[in-house]
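Please keep the sequence and the structure open beside the text while reading.

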Amino acid sequence: MRFVLLFVLAIGFESLNADIDVYEFSSETKLESYQALTRELRCPKCQNQDIADSNAPIAQDMRAQVHRLVEDGHSHDEVVDFMIQRFGEFVTYKPPVRSETYLLWYGPWVFIAIGLIAIIGISRSKRISVDTNGTTESTGSSLKVGNSDDQAELEALLKKYSDD
Amino acid sequence: MKSRLVFLTPLMLAVGLGLILYTALGKDPSKLETARLNDPLPTFSLQSLEYPSKLLTNSDLGGKPSLLNVWATWCPACKSEHGYLMALAQQGVPIIGLNYKDDRAKALQWLDGLGDPYSLNLFDPRGKFGFDLGVYGAPETYIIDQNGVVRYRHVGEVNHRVWEVQLAPRFNALLKE
């Protein structure tokens, strides 16, 4: 069996003490799983950092726990659930899709849909308002005005000046 | 009518979204939801702080509403709340102390010097029970009901204001249950 060593070197900014986590993994997949998990789990103390990135004591504890669980053969989702059970949904950067998170997951799509409907609606209503004001069906003519008398006059003028 | 709807819909959406975001404005983002809320305390078997040979478990909790205070000698806010905890203990509020990721000798020295407000002193030097409970920094104070269920958590210092506004109403309600 191949042993993989992972050295995580994290330097504490305040004390300038180097804290070094050394974890040993029994397989490459477990190392990869550990790395994915520590990037997906969020540090409860120093928010906006994942636990791989954070040197807070709680993040160190969480890394140790992730290592233990991964080595014990727990799946990715099991480890995430384990952390959510203790620290709440805040702890994952990928919140599960549930009724409380629908707004988060589907909200942007709803807004895009509303925007598209609005654009289609507005462009349609403009075309219709021209048509109902009495112009002829869309011809090749590039210029159109309100009613057929004006349209005739416009065409006459265009003809006159294009002849000059 | 139709054109009014076209203009009002985006306005209403913007106002609605604004209201949702507005409710989150005053929130302190460092205060997390309590994952263990309304769950029984995780099972533990911890040494007593004073008597290393004595193992304490969930059955030692006393079966009445109490506070569970997570503290450590390395935590400055724990020192500033200590006096208030002493006052609460004198009023007869049972407080279970969880000494979290600390050194036993230092912790005992602290209690000798500043007084011991705790009815029970749990020693969790590796923070294992704290981790199961979801502690992410000391001090934290939990309200535990008579059945050992977590009913509330306060993160940060306990002082008169916190007690009066957040803890006392919930604690007193439990006493009446």
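A residue is called buried when its relative accessible area is under 20%, exposed when that area is over 50%, and partly exposed in between. By that cut-off A:Thr92 is buried, because its relative accessible area is 4%. The model discussed here is predicted, and every value in the report should be read with that in mind.

**Chain A and the setting of A:Thr92**

Chain A contains five helices and two strands, and when followed from the N terminus its elements come in the order β-β-α-α-α-α-α. The chain has 164 residues, of which 30% count as buried. A:Thr92 is placed in the loop between α3 (76-87) and α4 of chain A. Its C-alpha atom lies 15 Å from that of A:Gln65, and the two residues are 27 positions apart in sequence.

Where in chain B is B:Ser48 found? B:Ser48 belongs to strand β1, which covers residues 45-48 of chain B. This residue counts as buried because its relative accessible area is 3%, and its side chain reaches the backbone nitrogen of B:Tyr51 at a distance of 3.0 Å.

B:Ala24 has its place in the loop between α1 (2-23) and β1 of chain B, and B:Asn38 is likewise found in the loop between α1 and β1. B:Ala24 is partly exposed, with a relative accessible area of 43%, whereas B:Asn38 is exposed, with a value of 51%. B:Ala173, which is located in helix α5 (residues 160-176) of chain B, counts as partly exposed because its relative accessibility is 41%.

B:Ala24 and B:Leu175 are 151 residues apart along the chain, and their C-alpha atoms are separated by 32 Å. B:Ala173 and B:Asn121 are 52 residues apart in sequence, with 25 Å between their C-alpha atoms.

**Backbone geometry in chain B**

Which residues are joined by a cis peptide bond? The bond is the one between B:Ala138 and B:Pro139, where omega is about -5 degrees. B:Pro139 itself lies in the loop between α4 (128-133) and β6 (140-144) of chain B.

For B:Asn38, phi is near 65 degrees, and for B:Lys101, which is not a glycine either, phi is about 50 degrees. B:Lys101 is located in the loop between β4 (95-100) and α3 (104-114) of chain B.

**Aromatic rings and charges above them**

A search over all chains of the structure finds 10 aromatic pairs. In chain A, one aromatic cluster is formed by A:Tyr23, A:Phe25 and A:Tyr34. In general, a pair of aromatic rings is described by the distance of the centres and the angle of the planes.

| Charged residue | Ring | Distance from ring centre |
|---|---|---|
| A:Arg86 | A:Phe82 | 3.6 Å |
| B:Arg170 | B:Tyr152 | 4.0 Å |

Rolling a probe the size of a water molecule over the atoms shows where empty space is left. How many cavities of 30 Å³ or more does the structure hold? The structure holds one cavity of that size, and the volume of the largest cavity is about 40 Å³. The residues that line the largest cavity are B:Leu61, B:Gly63, B:Lys64, B:Ser66, B:Ile96, B:Ile144, B:Asp145, B:Gln146 and B:Gly148. Sorted by class, this lining has three nonpolar, four polar and two charged residues.

The largest pocket has a volume of about 1,100 Å³. Its lining is made up of 25 residues, and those that lie nearest its centre are A:Phe90, A:Leu104, B:Ala24, B:Lys27 and B:Glu33. The partly exposed B:Ala24 is therefore one of the residues named at the centre of this lining. Among the elements of the two chains, α4 (102-132) of chain A and α1 of chain B each supply at least two residues of the lining. By class, the lining of the largest pocket has 12 nonpolar, five polar and eight charged residues.

Methods: Residues numbered from 1 in each chain as written. Chains lettered and ligands numbered in written order. Predicted model: local features only at pLDDT ≥ 70, side-chain atom pairs only at ≥ 80, totals over all residues. Heavy atoms only, no water. Phe/Tyr/Trp six-rings, centres within 6.5 Å; stacked < 30°, edge-to-face > 60°. Lys NZ or Arg CZ within 6 Å of the ring centre and 35° of its normal. 1 Å grid on protein atoms, 1.4 Å probe; cavity = no way out; pocket = protein on both sides within 12 Å on 5 of 7 lines; lining within 4 Å. Points joined across faces, edges and corners; volume = space filled by probe spheres on them. Nonpolar A, V, L, I, M, F, W, Y, C, P; charged D, E, K, R; others polar. Helix = DSSP H or I, 4+ residues; strand = E, 2+ residues; numbered from the N terminus. Buried < 20%, exposed > 50% of the residue type's maximum accessible area, 1.4 Å probe, protein only. Polar contact = N/O pair within 3.5 Å; in protein donor to acceptor, adjacent residues only side chain to side chain.
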